[in-house]
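Please take a moment with the sequence and the fold shown here before reading on.

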Amino acid sequence: MPATSGRKRRSDTPPPRTGSSEVEVLRGFLDYLRASIAAKVDGAPEPQVRTAAVPSGTNLLGLLNHLTSVERALFLGDDVADWQATFKAAPADSVAEVVARYRATVERANEVLDGCTDLAAPLPRLRQGRPAPSVRWALTHMIEETGRHAGHADILRELIDGATGR
C-alpha cells in the first residue's frame, strides 16, 4: 500500500454546470465521467497499470479498454464476442495508446450523438436488423457504466501510486 505522505492529489472537479435541457444534462454528465476516467488512467505507471489489485483481476488499463469497447458497441455498432476479454489491454498497448484510443472513440460516439435530436428515438445503427435502444437509454446506460468503472479506477489508481481526486 502506498505511503500517505507522497500522495498526489488532483484538484477535485465539481459536477458540470450544464444547460437545462435533458440532453444537455445527460451529455454533460457523461462527458464529465469520460474525462474523469481518462485522467485516472493517463500517466499511470507500468506495470502497475495492468496489474490486478483485486481478486477479480480488474486492472486500471483494462477498465479503460473495456469502456472503449462499450462505447464502440453502443454508439458505433461494433460487435463484441467476448466481453470478459475487453477487460484486458493488449500487452503491446501503452497507457498513452489506450487513453488515445478511448478519447478517439468518445469523439466518434459524440459525433453520432450530435445527430440525435430526439431522446426517445432509437440510436442509429451502422448495421441494419439489430435492435437499437433509445438515445435516452443509451446515454443513461453509458453514464452508469462509466461512473461505476470510474469509481473502480479511483480505488485502483490510489492503490498504485496514491493519486486521488478527479
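On a 1 Å grid over the protein atoms alone, a pocket is an open set of points with protein on both sides within 12 Å along at least five of seven lines, a cavity is a set of points where a 1.4 Å probe fits but cannot get out, and lining residues have an atom within 4 Å of a point. This is a predicted model, in which local features need pLDDT of at least 70 and side-chain atom pairs count only at pLDDT 80 or more, while totals for chains, interfaces and linings use all residues. Residues are numbered from 1 along each chain as its sequence is written, and side-chain values use heavy atoms, with hydrogens and water left out.

The largest pocket holds about 200 Å³ of space, where a volume is the space filled by probe spheres set on grid points that are joined across faces, edges and corners. Its lining consists of H66, V70, A73, L74, W83, R125, R130, P131, W137, H141 and E145. Two or more of these residues come from each of α2 (60–76) and α4 (135–161), and α2 gives the most, with four residues. Helices here are DSSP runs (H or I, at least four residues), as strands are (E, at least two), numbered from the N terminus.

The two helices also meet each other: the axes of α2 and α4 come within 9 Å and cross at roughly 170°, the axes being lines fitted to C-alpha atoms over the stretch in contact, with angles from 0 to 180 degrees between N-to-C directions. Since angles over 145 degrees count as roughly antiparallel, α2 and α4 are therefore roughly antiparallel to each other.

V23, R27, L113, C116, T117, L119 and V135 form its lining.

The chain also contains a cis peptide bond, which joins E46 and P47 with an omega of about -5°; P47 is found in the loop between α1 (22–41) and α2.

Seen as a whole, the protein has four helices and zero strands, and its C-alpha atoms fill a box of roughly 50 × 35 × 25 Å, taken along the principal axes. The radius of gyration, taken over C-alpha atoms, is 17 Å, which agrees with the value near 15 Å that a compact globule of 166 residues would have, by a rule of 2.2 Å times the number of residues to the power 0.38.

Terms used: Angles under 35 degrees count as roughly parallel, over 145 as roughly antiparallel, 65 to 115 as roughly perpendicular and the rest as oblique.
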